[in-house]
Amino acid sequence: MNFLSLLSDALSIITITLCFVLKFPQIVNIYRLKSASGINIYGLLLELSSYTTTACYNFVNEYALLSYMEYPIIILQEFILIFFVLRYMDLINVKSVSIFVVYLAITCAFLAKLIPPSALTYMIPLCTPVSLSSKAIQLWEILWTGRAESVSVTSWLISAFTNFTRVFTIYMDSADTILLTNFILSTALSTSIAVSTLILNSTELFKIEKKNKVEKSSR
């Protein structure tokens, strides 16, 4: 086994490990601020649908758990994140609970194969554009509102890093053009969200410090 193969295996392990904590910085940030300002709920729901479809597809096809283990872990984190976003946006109501129940029913139906597994075969190609759309919507939310105080730079940097490592591991494994394009675009979007958040938060902090200095000098 050559050096590049060893590096690819090491990056795969690092990627899976980081997925265990991918959403926690974002969850902690929202809980600490008691605000979901700058977070787009529709982007999160698109992301959840993409992760769920991928996990169900792997499960019904009886693929090795280690090959998709990060998806159930991320889905659990996504549940917690969506709950806090809904809570601080005052959107926990009969409608949101009903949608969650329908989501669970459909997911269980797929896992129990009550819905033909072939349906997932048609759905899985849509995961790439859906996943990219969720990131694009979140970036648009930040740039449009100019608010990103609740957005975690750490979570998006982890996302960018894990997407980038997948570019390398996929290139080494199969060099699949579609997968490479997906992860390259995902890396670019995650990086853009992290950078935009960092710039906006730094600008806001500068304005607050400047305002405090003006108030002190006027006393």
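1. Confidence first. This is a predicted model, and its chain averages a pLDDT of 87. Of the residues, 91% score at least 70. Where pLDDT is low, the predicted coordinates should not be read in detail.

2. Overall fold. The chain has 9 helices and 0 strands. Read from the N terminus, the order of elements is α-α-α-α-α-α-α-α-α. The C-alpha trace spans about 70 × 55 × 25 Å along its principal axes.

3. Packing along the sequence. Take the contacts between residues at least 6 apart in sequence: 82% of them join residues at least 24 apart. The chain has 219 residues, and 39% of these count as buried.

4. Surface and charge. The accessible surface of the chain is about 12800 Å². Carbon and sulfur atoms account for 71% of that area. As for charge, there are 15 positive and 13 negative side chains. The centres of these two sets lie 13 Å apart.

5. Ser 96: location and burial. This residue sits in helix α5, which covers residues 94–111. Is Ser 96 buried or exposed? Its relative accessible area is 17%. The cut-off for buried is under 20%, so Ser 96 counts as buried.

6. Ser 96: neighbours. Which residues does Ser 96 touch, leaving out those up to four places away in sequence? They are Leu 86 and Leu 91.

7. Tyr 57: location and neighbours. Tyr 57 belongs to helix α3, residues 41–60. Setting aside residues up to four places away in sequence, Tyr 57 touches Tyr 63, Leu 120, Thr 121 and Ile 124.

8. Tyr 57 and Pro 117. How far apart are Tyr 57 and Pro 117 in sequence, and how far in space? In sequence, 60 residues separate them. In space, the C-alpha to C-alpha distance is 7.6 Å.

Terms used
Residues numbered from 1 in each chain as written. Predicted model: local features only at pLDDT ≥ 70, side-chain atom pairs only at ≥ 80, totals over all residues. Heavy atoms only, no water. Helix = DSSP H or I, 4+ residues; strand = E, 2+ residues; numbered from the N terminus. Buried < 20%, exposed > 50% of the residue type's maximum accessible area, 1.4 Å probe, protein only. Contact = heavy atoms within 4.5 Å. pLDDT = per-residue confidence, 0-100. Areas by Shrake-Rupley, 256 points an atom, 1.4 Å probe, with all protein chains shown as cover. Lys, Arg positive; Asp, Glu negative; His and termini not counted. Charge placed at Lys NZ, Arg CZ, Asp CG, Glu CD.
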